[in-house]
Amino acid sequence: MASEDYPDTPIEAEADGDSTEITADDSGEDHGRSPHAVQRVTWAELFFDLVFVFAVTQIAHAVYVGAGWAGLGRSVLLFVPFWWAWVGCAILFNGMVITATKRHLLLLAIAGAAFVMCISVPDAYGNRGVLFGGAYLVSRILLGIPMQRREAFRIRLNPFTVGVLAGLAWTLAGLLPADSRQWAWLAIALIELAVPIVLGHRLDYMQFDASHLPERFGLFIIIALGETLTDIGQGGTHIALHSQEAVTLFVAFLLSCGLWWTYFQYGASATEHALRVAKVPAVLVRSSFTYGHMLFVLGIILAAAGMSQAVAEPGTHLHGMHALLLGSGVTLYIATFCYTRIMMFGGASYTRVGAALGAAVITALSPGLPALAPLAMLAALVIALNAVEFYRVSTGKPLLLINVWQGAAGR
C-alpha cells in the first residue's frame, strides 16, 4: 500500500488503487471521512496519551493508599470520567480528517483538561471536586462541538451530547459535601455507562476505521501495563534488595510480561479482525472496546496496586481489601477476555475460562498467605495459560471454545 505524504497521520491508500484526498498542510477544506484510507495512530494522539499515563498512575495510587472497600470504590469511580473522555477522543478522531493545526490544537486542549483532572484526583472528594468536574465538563464540550459539526450522529440525543450534560452534573455535584458528592457522582457515572446500552441500537449505522480503533485501544492497554512496571520499579528503588525482595521484583516483572503476552500475542489481532468483518461494527465498539477495555484497564490498575504492596512487603500477610487487590485484578483481566471473545466470536476458550477460575481461587486464598505467595502463583498461572495457548496454536491444534452465540463477527 502506498503511503500518503502526511507526516503526522500515516494514512495509507488501500490496495484497490484509489487515492485519498488527505493532505498534511492547513490548506483546503476539512473532510469528515476518507472512505479509501487506512488510518494509523498519529504522533499527536501518542502525546495526548501521555496525560492518561498520569491519570492511570493517579488512580492506581489512590487505590493503593485507599482505606477499605469504600476507598476502593471512590478511587475506581474517578476512573470513569477519564475513560469516557479518552474513548470519546478515540471515536472523534476515528476516520476524521481535519487540518494538522486544528487536530493538534484540539488534542492539546482536551489533554489540558485531562491534566487538570489528574492533579485534582488526590483531593477530588475534598476541595477540588468542582475543579475535577469542571475540567471534565470542558473535555466533554471540546469533544461534543466537533462531533456535532462532523454530523456523525443522526440523533440529537447521543453519547456526546449526554456527555456534556454529565460533565455539567459532575461539576455541580462537586459543590456537595463529600459524603453526598460520592453518591451523586456514582449516579452520574452509572448513567454515563448506561448510555451506549440505552442508545446502542440507534447508533448501529455508524462506521469505524478497522485499523485505527484497535490500535488506539491496544495502546491504552500498554499505558496501563506501563503503570504496573512504574509501580514495581519505584517500589524496588525504595527497599533493600535482599533475596526475598529481589525474587518478588522478578516475579512481579514476570507477571507483568505475562499480562502483556495474554493480550498482544493473539488478542490485539483478533480485535482488529472482528471489527473488520463485523456486520454491525458499532456493536463491538460498544461491547468489546468501550466496556471490555475499560474492564481490562481496571483489572490492570488493581493488579498494579497489589503488586506494589507485594514488592513493598513480600513477607507480610495482607488483610481485608488489600489482600485481594492483586488476585482480583488478574481475575478481572483474564475474565474480560472471555467476555470480549463471546461478544466478538460467540465463545470463550476453555483455557481462559479455566485460568480466570484459577485466579479467583488464588484470590480467595490470598488473605492467609504472605504477599509473595499469591504473586508467584498468579505469575505461574498466567505463564502456564500463555504456554498452553502458544503450544496449541503453533502445533495447529484449535483452542476449544465454550460456545454461547454466533457473535457480532460471526464464526
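Tutor: The structure holds 27 aromatic pairs. Rings of Phe, Tyr and Trp (its six-membered ring) pair if their centres lie within 6.5 Å; planes under 30 degrees apart count as stacked, over 60 as edge-to-face and the rest as tilted. Keep in mind that this is a predicted model, where local features need pLDDT of at least 70, side-chain atom pairs count only at pLDDT 80 or more, and totals for chains, interfaces and linings use all residues. Residues are numbered from 1 along each chain as its sequence is written, and side-chain values use heavy atoms, with hydrogens and water left out.

Student: How do I read the pair that Y263 and F337 form?
Tutor: A pair of aromatic rings is described by the distance of the centres and the angle of the planes. Y263 and F337 are tilted, at 6.2 Å centre to centre and 55 degrees between the planes. Y263 lies in helix α8 and F337 in helix α11 (residues 320–345), so the pair ties together parts 74 residues apart in sequence. Helices here are DSSP runs (H or I, at least four residues), numbered from the N terminus.

Student: What kind of pair do F296 and Y333 form?
Tutor: That pair is edge-to-face, with 5.5 Å centre to centre and 65 degrees between the planes. F296 sits in helix α10 and Y333 in helix α11, 37 residues apart.

Note on methods:
Helix = DSSP H or I, 4+ residues; strand = E, 2+ residues; numbered from the N terminus.
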